[in-house]
Amino acid sequence: MAMLTLFRVPETGGWVEVGMIRGPIMADSPVSINLPVASNAAPAGPSAQEQKQMEQAYAQMKRKMAMEEIGRKIKHKIMVLSGKGGVGKSTVSTGLALSLAQQGFTVGILDIDITGPNVPKMMGLDGRRLHVENGRIHPAQGHLGVKVISMAFLLEDEDTPVVWRGPIKLGAIQQFIGDVEWGELDYLVIDFPPGTSDEPLTVAQSLPDIDGMVIVTTPQQVALLDSRKSITFSESLKVPVLGVVENMSGFTVNGTAAPGTEVSIAAPGGKTLTTTADDGGKFSVTLDIFKEGGGKETAQEFGVPFLGALPFDPGFVRGGDDGVHRIVSEPEGASAVAFAKVVEAIQEQLSDGADGGLEII
Amino acid sequence: MAETLPTLKKLERRKQDMILTYDDETTYTVTYDDLRHACPCAKCSPLRNEDDSARSLRRQIESLPAEKPTVRTIGKYALAFEWQQGCSSGIYRFERIYDLANRRDPDRGKPYVHGAW
């Protein structure tokens with residue numbers, strides 16, 4: 001009996017005093033203990049619905065904290081957008097990432113294009129699956145150690161379209177940001193679907209301290225019109241425009257002829273381009289397939305930086321299909337050099353002191 | 001749109017307004033109320049689409065205490081203004097600021113539509 005008095009219900013009293021043990025208590029005899037399901041001291045627990053809400057709120061809070069943590073671990077975050085589809089946005093995103101990786105930076109690509117995720121194919125990661133450990137998603141590693149996260153990794157087969165309404169899509173994006181173990185990165189390049197829809201808005205609101213956006217365009221009027229929308233869009237997102245990149249800017253034809261020979265080539269728009277073969281018998285002519293200089297004009301018109309022009313290079317198509325990016329297969333080639341210049345222009349924008357000499361008092 | 005902008009060389013913040021000096025030696029005064037009412041962010045812009053909400057936005061801004069903002073450059077093309085109270089989200093292109101300086105509608109009469117231009 002003396003031993004039994006040691007057992008107590010918190011804030012209420014001993015088991016004996018509160019009547020949990022009744023009847024005669026004899027040595028070596030079993031006693032009957034009436035254990036209540038809930039004591040008077042403890043309030044009734046939350047309902048199933050409340051429990052679910054609490055769990056959701058906790059998960060949301062955890063994700064938010066994770067996103068802030070990710071924001072701290074990644075030095076530079078660059079969004080790659082275009083107003084129009086088909087301008088080579090994923091090609092530019094992967095090219096920028098690889099060009100940065102070539103310079104020795106640690107780089108990741110987040111492929112937010114949920115409906116048409118192409119980045120893994122371009123990075124030689126086709127058919128790969130993501131590794132999940134302790135509830136954290138670990139990115140796949142592509143060429144030059146670039147870390148890649150894409151919806152493509154979650155698809156059962158590449159022919160199945162992702163048909164998601166807004167809230168599910170946005171939830172997936174937040175998960176791609178908050179639940180991924182990126183580690184320490186110098187640069188995270190974020191590839192978006194074309195247009196100015198919800199995805200950039202969600203990312204801009206979820207990921208802190210985005211450095212800016214790169215607008216990809218091609219020189220023709222329709223694409224330029226849409227890139228102007230993207231520039232205006234950036235103002236509403238509070239994300240600066242790092243600059244405009246003109247893709248598919250010109251196709252260079254290289255050839256040989258007898259030294260000093262004048263070569264004529266029929267160019268688009270009924271033009272004829274002429275050049276002369278050099279002493280080694282080599283010549284090259286650049287054809288402006290989609291006009292020229294439109295990206296630069298748009299940048300000037302909106303007062304945003306022009307980051308450079310990337311050549312029309314069929315090698316990107318082959319590289320995209322084969323999973324060996326042009327920058328990897330030809331690291332010294334014309335395209336790799338053009339990307340390096342664009343990267344240099346981006347880095348100049350990211351550096352401090354790009355204020356154009358404005359005195360603020 | 002294709003107007004050549006003079007370069008903003010000096011921005012002097014005062015209690016209620018700022019004085020802008022351009023490289024063509026022109027000087028303008030823009031009040032903070034006008035500046036804040038023209039905020040290009042996704043929250044403020046739609047409020048200027050309708051007269052009633054635009055007036056309400058204006059009243060809200062005018063009721064805020066007077067303060068000097070912190071100003072920072074965004075690349076070489078825009079300025080951002082940080083306020084203790086009220087919206088600090090907008091990125092103001094120099095073109096927009098020049099429009100305000102010249103008492104022109106920086107939205108050029110176009111209503112704001114999110115993502116559907």
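Biologist: In what order do the eight strands of the open sheet in chain A lie?
Modeller: Helices (H or I, at least four residues) and strands (E, at least two) are DSSP runs, numbered from the N terminus. Two strands pair if DSSP finds at least two bridges between them. In chain A, the order of the open sheet is 9-10-6-11-5-12-13-18, with mixed pairing. Strand 9 (140–141) and strand 18 (306–309) of chain A are its edge strands, each pairing on one side only. This is a predicted model: local features need pLDDT of at least 70, side-chain atom pairs count only at pLDDT 80 or more, and totals for chains, interfaces and linings use all residues. Residues are numbered from 1 along each chain as its sequence is written, while chains are lettered from A and ligands numbered from 1 in the order in which they are written.

Biologist: In which sense do strand 12 and strand 13 of chain A pair?
Modeller: Strand 12 (residues 212–217) and strand 13 (residues 241–246) of chain A are parallel, joined over five bridges. Within this pair, Met213(A) stands opposite Val241(A) of strand 13.

Biologist: How many helices and strands are in chain B?
Modeller: Chain B has three helices and six strands, running β-β-β-α-α-β-β-β-α from the N terminus. Of the 117 residues in chain B, 28% are buried.

Definitions and conventions
Buried ≥ 20, exposed ≤ 12 C-beta atoms within 10 Å, placed from the backbone.
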